[in-house]
Every structure is written in C-alpha cells, then in structure tokens.
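Look over the sequence and the model, then read the points below.

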There are 2 protein chains.
Amino acid sequence: MASTFHLGARDVARIVARKGLSACISGIAARIEQDFLRWPEFDKTSRSASHSREGVIELMPVSDGTRYAFKYVNGHPKNTRFGLPTVMAFGVLADVATGAPLLLAELSLATAIRTAAMSALAARALARRDSRTMALIGNGAQSEFQALAFRDLLGIRRLRLFDTDPRATAKLVRNLRGEGLELDVCTGTREAVRGADIVTTLTADKQRAVILAPDMIEPGMHLNAVGGDCPGKTELHAEVLRRASVFVEYAPQTRVEGELQQMPADFPATEIWRVLAGAHPGRDDAAQVTLFDSVGFALEDFAALRFLEGAARELGIGEPLDLVPSMDDPKDLYGLVAAQPARLAAELVATL
Amino acid sequence: MASTFHLGARDVARIVARKGLSACISGIAARIEQDFLRWPEFDKTSRSASHSREGVIELMPVSDGTRYAFKYVNGHPKNTRFGLPTVMAFGVLADVATGAPLLLAELSLATAIRTAAMSALAARALARRDSRTMALIGNGAQSEFQALAFRDLLGIRRLRLFDTDPRATAKLVRNLRGEGLELDVCTGTREAVRGADIVTTLTADKQRAVILAPDMIEPGMHLNAVGGDCPGKTELHAEVLRRASVFVEYAPQTRVEGELQQMPADFPATEIWRVLAGAHPGRDDAAQVTLFDSVGFALEDFAALRFLEGAARELGIGEPLDLVPSMDDPKDLYGLVAAQPARLAAELVATL
C-alpha cells in the first residue's frame with residue numbers, strides 16, 4: 001500500500017540539532033559527491049521556473065532510475081518584509097518502479113545546507129590548498145551555512161564580512177561566536193575581498209548587480225558565486241568571467257540562470273562532476289582564478305533527501321502522512337467515494 | 001507566517017461524499033470552464049515527465065499571476081499487480097506574491113474527476129446535441145467518473161461497455177447500478193462502438209495500440225480519446241485522426257504526448273479554449289467527426305485545487321501541516337538550528 005513518510009520543518013530542525021550541523025553538512029556533502037561521481041546515471045533536466053515581479057517558484061526533478069526526487073522552492077527577496085523567509089522549500093522522494101511518493105520533507109533548512117556543502121565541495125576541488133581566508137559578501141539566511149561548510153571542508157579560519165545591511169552582518173557575527181572563526185567586519189565589498197583566498201557572493205536582490213568588479217580580483221582567488229541564480233539576477237561583472245576558469249553544476253541550466261547568462265552560448269565552462277571524477281583538471285596553478293558559478297541543481301536536493309531519509313530512520317523522527325490513497329481494490333477508485341456514506345455512518349455511530 | 005493547509009486522501013474522499021460526486025464533477029467543470037475562458041492570463045508550460053520502463057512521473061505547473069499550482073502524478077499501468085493505484089497524485093496551491101505553499105491536497109480522486117469534467121466540457125462543445133449513447137472502451141479506475149460526467153453534463157443515457165478484462169466491466173456495472181444509465185456489456189470494441197454517438201477510449205497500456213480503427217468510425221461521431229497521453233502510448237489509428245477535426249488542450253504538450261504524436265508537426269489541431277470562448281467554431285455539421293485528443297493539462301488541476309480549497313473551507317475539512325518553517329526572524333534561518341538545544345531541553349523537561 002502507498003504510505004508516505006513526512007518530515008516537517010520541526011522534524012528537520014530536530015534532525016539537524018540531534019546530529020549536529022557540522023555532521024549534516026559533511027554528511028550531505030558526502031552524499032552529493034557520491035551522486036556527482038555517478039552523474040551519467042541520472043535523468044537530468046533544467047528546473048521549471050515560473051517568474052513573477054516579486055520572485056520565482058521552481059520545480060526541480062531528477063531521477064537515477066530507482067529513486068525520483070523533486071524540490072519545490074521559491075525565491076522572493078522582499079519576503080522578509082512580510083515576516084516570511086526569502087526561500088521556502090520542500091521535496092519528495094518517490095519510487096521510480098511504482099511512482100509512489102515515499103518521503104515528503106521540508107527542505108528550506110536542507111537547501112541552505114546542501115548549497116553550502118556543494119560550494120565547499122567545488123572549492124575543495126578548485127581553490128588553492130592553502131586557502132585560509134574567505135570573504136563573505138551577503139550575510140543573509142545562508143551565510144552561516146557557507147561559513148561552517150568552508151571551515152569544516154576546507155579549513156577556512158578567517159572570514160571577511162560585508163552586507164549592505166549592517167544588521168545582517170551583526171546577526172552573522174552573533175551566530176558564529178564560539179565557532180572557531182576569526183571574523184573581520186568590513187565596510188565594503190572591496191575591503192572584504194582584498195587579500196581573500198576565496199570570495200563567496202551570496203546576495204539576494206533580483207537584478208543585474210556588480211558585486212565583484214574586475215579590479216577586485218586577485219591572482220589565485222577562487223570565486224564561489226552563489227547569489228546569481230535566475231535570469232536577470234547576476235553578481236559578477238562579465239569581465240570577471242572572462243578572467244576566470246568557469247565551473248558549473250549542470251551547464252544547460254547554468255547558461256540560462258547563472259553568471260554565464262551574460263556570456264555567449266559557447267563560452268567555456270566545465271561541469272564540476274568532471275573535476276570530482278578526475279576526468280578534468282581543477283586548478284592549473286596557484287595564480288589561476290577559478291569560478292564556481294553555482295545556481296543549485298536538483299541532484300543536490302536528491303542527495304539531501306536521501307540523507308534526511310536515512311537520518312530520520314536512524315533517529316526515529318517523522319510520521320506517516322495521508323498523501324495518496326490506500327485502496328482495497330486499486331482498480332476501483334470510485335469505491336473510495338462509494339464507500340464513504342458507510343464510513344461516515346460508522347464514524348457517526350462511533351461518536352454517539 | 002507561512003502555514004500550509006493539508007487535505008489528505010481521506011479528507012478529499014470526505015469532501016466528495018459530503019458534496020456528492022455529481023456536484024463535484026459539475027463544480028470542477030465550472031471552474032475549468034472559467035479558467036479556460038481566461039486562458040491567455042496563464043503562464044503555461046508542457047509538463048516535465050520522467051519516463052522509466054514501468055511508467056512515468058510528471059510535474060505539472062501553471063500560474064495565473066496570483067496563484068501558482070503544480071501537480072505530481074504518476075502513471076504505472078502494472079501497479080495494480082502490487083496493490084497500488086495506476087495513478088497517484090497530489091498537488092500544491094501557492095501564493096505567487098510570496099511563494100508560500102498554501103494548500104497541499106491529495107489529487108488521485110480529483111484527477112479522475114477533473115479529467116472526466118474536461119472530457120464532458122469538450123464534448124458539450126463538440127458532440128452532436130442529440131447524443132445519448134456513449135461507448136466506453138476501457139472500464140478501469142476512471143470509467144465511472146467519465147460515465148457520470150457525460151450523464152450529467154451531456155445527457156448521455158446509454159453506455160456500451162468493453163474492456164479486455166471482464167472483471168473491470170463487471171466492477172463498472174456494479175458501481176453504476178442505480179445511476180439511471182442503461183448499460184450494454186459488449187464482447188469487443190467494434191461491437192461497443194457501433195452506433196454510438198460518442199466514443200470514449202480510456203485504456204491504460206503503455207504502447208502504440210489501435211483501439212479505434214478507421215472502419216469503426218461513423219459520420220457524426222465525437223471521439224473522446226483519453227488513454228493516449230504520453231510518448232509511445234496511443235489508442236487511435238493515424239487514419240482516424242485524418243478523418244476527424246482534432247481539438248486539444250495545450251497544443252505544444254499534446255503534439256508530444258497525445259494521439260497527435262503520430263502526425264506531422266503541422267497537422268491541424270485547435271485548442272479547445274478557443275471553442276469554449278466562441279473564437280472558433282466547434283462542430284460544423286451533423287456528419288463531421290470530432291476528436292478531443294485529451295492528455296490532461298495543468299490548468300485542470302489548478303481548477304480542481306481551487307475547487308477543493310473552497311469546498312474544504314465551506315465544510316471545515318482539513319488540517320494545518322508543518323510543511324515550511326515559521327520563523328521569528330526570517331533572515332535568521334540558522335536560528336532554527338541554534339534554537340534547537342533550548343527547545344529540546346524544554347521538551348525534555350516537559351516529559352519529566
């Protein structure tokens with residue numbers, strides 16, 4: 001019988017608290033790496049996006065022939081004005097053999113974790129090995145996750161912080177207290193970027209912005225461009241892309257949504273799975289500028305859902321949900337309706 | 001704060017039982033008609049389909065700029081062998097302005113209802129007005145819904161039934177007892193189709209089938225072809241399409257998924273919304289053969305979700321679901337995790 005397991009927002013927060021955020025970041029990173037190493041096995045497609053003036057709503061499906069996953073996710077930069085998160089997400093893991101939805105899970109928190117895990121995985125393959133300082137431009141909802149992922153997976157020890165909203169930076173500093181990171185609060189992007197080994201851009205405004213200008217880029221830097229992730233939303237000057245070696249998740253999607261949208265269709269870009277699999281070199285030398293043009297790909301959510309599924313089982317968290325019908329005779333859908341009067345009568349009798 | 005309302009399979013069955021199936025069919029038909037009359041307002045796209053050997057899993061999004069809806073639906077013809085329905089579905093209605101998911105509803109039952117409602121709406125615009133007899137080829141899970149929709153919306157009084165599985169027909173006859181329909185059980189498709197005003201094909205096998213051959217088609221017939229709805233799954237001989245005037249839901253999707261997949265890309269087909277809106281004639285004369293090449297379009301699920309939303313509110317059915325997080329400070333996603341130890345401690349104290 002079809003039975004769907006449900007992990008709500010509180011359940012996922014409890015999983016992360018019980019396992020620890022660092023363990024979740026590295027656990028999801030390990031899952032993502034495993035799945036990227038078997039990249040050709042997946043049925044991949046660009047996400048479907050519905051754009052409006054206020055933001056975007058996306059569906060992100062992917063399948064490995066055994067499990068199918070999709071994520072629903074929005075991006076609405078002005079939501080915080082109404083007391084709502086900028087990004088809300090949930091996802092489903094289904095059985096390819098029957099189409100039965102097996103797991104429905106909240107993914108807002110998991111989206112932040114898997115994005116940070118993906119960024120750190122890419123940086124581990126692309127950044128200089130002696131990288132210790134990262135500039136973090138944009139100190140919103142995802143910034144703590146990026147900070148901890150780069151601390152844990154790359155050994156970043158010093159963060160140089162800037163946000164146009166000083167309260168965002170103050171929140172980040174408060175949240176990262178006691179996490180073993182040196183924090184420099186900077187007065188501008190230029191100051192924050194200067195001398196950094198890695199630069200992470202994580203801004204939310206839906207516009208053609210120039211967060212990173214060409215003259216800020218120093219030899220040997222790794223750029224982790226996370227904020228530019230839909231048509232009309234970019235963070236880097238086009239010249240920055242021309243100076244860098246560009247790596248992406250899934251090229252057909254990134255060419256539409258990423259920083260790459262500014263460039264011609266044949267602008268060179270390497271899918272990061274090739275680097276992880278050893279089929280393509282990452283960094284050539286210590287002076288090269290590398291750029292991970294991250295937009296977020298369905299496979300990362302597939303990995304996050306698999307991780308949550310395992311953690312929920314291990315910890316005994318979550319509940320069954322009445323999502324699709326269980327039927328005595330699956331050829332008799334009408335029986336669901338026809339049986340109702342009798343069921344209603346039984347319920348009525350039970351309450352008397 | 002984000003709060004999602006949930007209608008499970010039992011809730012939807014209760015809504016249908018409380019309102020009555022006929023009222024739900026006509027209510028959803030009215031919603032579909034209203035939405036098809038404002039067709040140009042919708043942001044439309046072909047559904048995303050992930051095919052496997054066993055079946056297909058699809059995501060069907062659509063938006064009118066105020067509400068966004070999507071449906072998850074599978075099609076696995078062999079599922080009944082494992083005690084699972086062939087089709088399982090659920091859907092979400094979301095707020096375009098914020099991306100917040102407002103309603104999560106079971107849609108297996110609603111899919112059968114909206115498909116039947118759409119078929120009957122199209123037939124009301126295309127079939128001869130004096131149609132009283134319908135052949136129903138394929139007597140599976142959706143057949144009762146088609147029978148009742150055509151009785152209620154077109155005045156069909158007699159059904160001529162055939163299925164390769166006599167148990168399916170016996171189930172249909174049992175379920176339709178007392179519904180005011182004359183039922184002729186036939187020994188083959190040819191016998192069932194002979195003399196019928198309307199022919200509905202509703203078979204499930206994923207193959208290039210020829211349920212309707214050219215020599216079965218009589219002048220003046222309306223063909224309601226429902227079963228052929230994905231690449232490699234058709235029910236009609238190509239010559240039947242050449243003899244008929246073909247009407248579709250959303251042409252870009254039907255040309256890939258419907259009976260139209262057999263024809264060249266420029267084969268004439270009219271979107272049914274034009275007929276409903278009076279912008280294109282339906283039937284020209286009593287001898288014309290009309291064909292509604294139905295595959296199911298996201299707008300029908302949008303209408304079904306809106307109907308269920310209203311009915312649930314009216315009847316006080318359904319419960320809030322913890323789908324996406326409510327946050328004290330929506331810019332502080334990390335706070336969800338950081339606050340957990342304190343929350344866990346409070347829970348622990350509460351259980352002592």
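**Two copies, one axis**

Chain A can be laid on chain B with an RMSD of 0.0 Å, by a turn of 180° and a shift of 0.0 Å along the axis. The superposition is by least squares on the C-alpha atoms of residues with pLDDT of at least 70 in both copies. That is why the relation is that of a two-fold axis. The same surface serves both copies, as 100% of the contact residues of chain A recur in chain B; contact means heavy atoms within 4.5 Å.

**Basis**

- This is a predicted model: local features need pLDDT of at least 70, side-chain atom pairs count only at pLDDT 80 or more, and totals for chains, interfaces and linings use all residues.
- Residues are numbered from 1 along each chain as its sequence is written, chains are lettered from A and ligands numbered from 1 in the order written, and side-chain values use heavy atoms, without hydrogens and water.

**Helices in chain A**

- Helix α2(A) spans residues 21-37 and helix α3(A) residues 108-126.
- They pack at an angle of about 65°, with their axes 9 Å apart.
- Their crossing is right-handed.
- Residues of α2(A) that meet α3(A) include Leu21(A), Ile25(A) and Phe36(A).
- On the α3(A) side, Ile113(A), Met118(A) and Leu121(A) are among them.
- The contact residues divide into eleven nonpolar, no polar and three charged.

**Strands in chain B**

- Strands β2(B), residues 48-51, and β3(B), residues 56-63, pair in the antiparallel sense over four bridges (pairing takes at least two DSSP bridges).
- Ser48(B) has Leu59(B) as its bridge partner in β3(B).
- A hairpin of four residues joins β2(B) to β3(B).
- Helices (H or I, at least four residues) and strands (E, at least two) are DSSP runs, numbered from the N terminus.

Note on methods. Axes fitted to C-alpha atoms, helices over the stretch in contact; angles between N-to-C directions. Left-handed = near helix turned anticlockwise from the far one by under 90°. Nonpolar A, V, L, I, M, F, W, Y, C, P; charged D, E, K, R; others polar.
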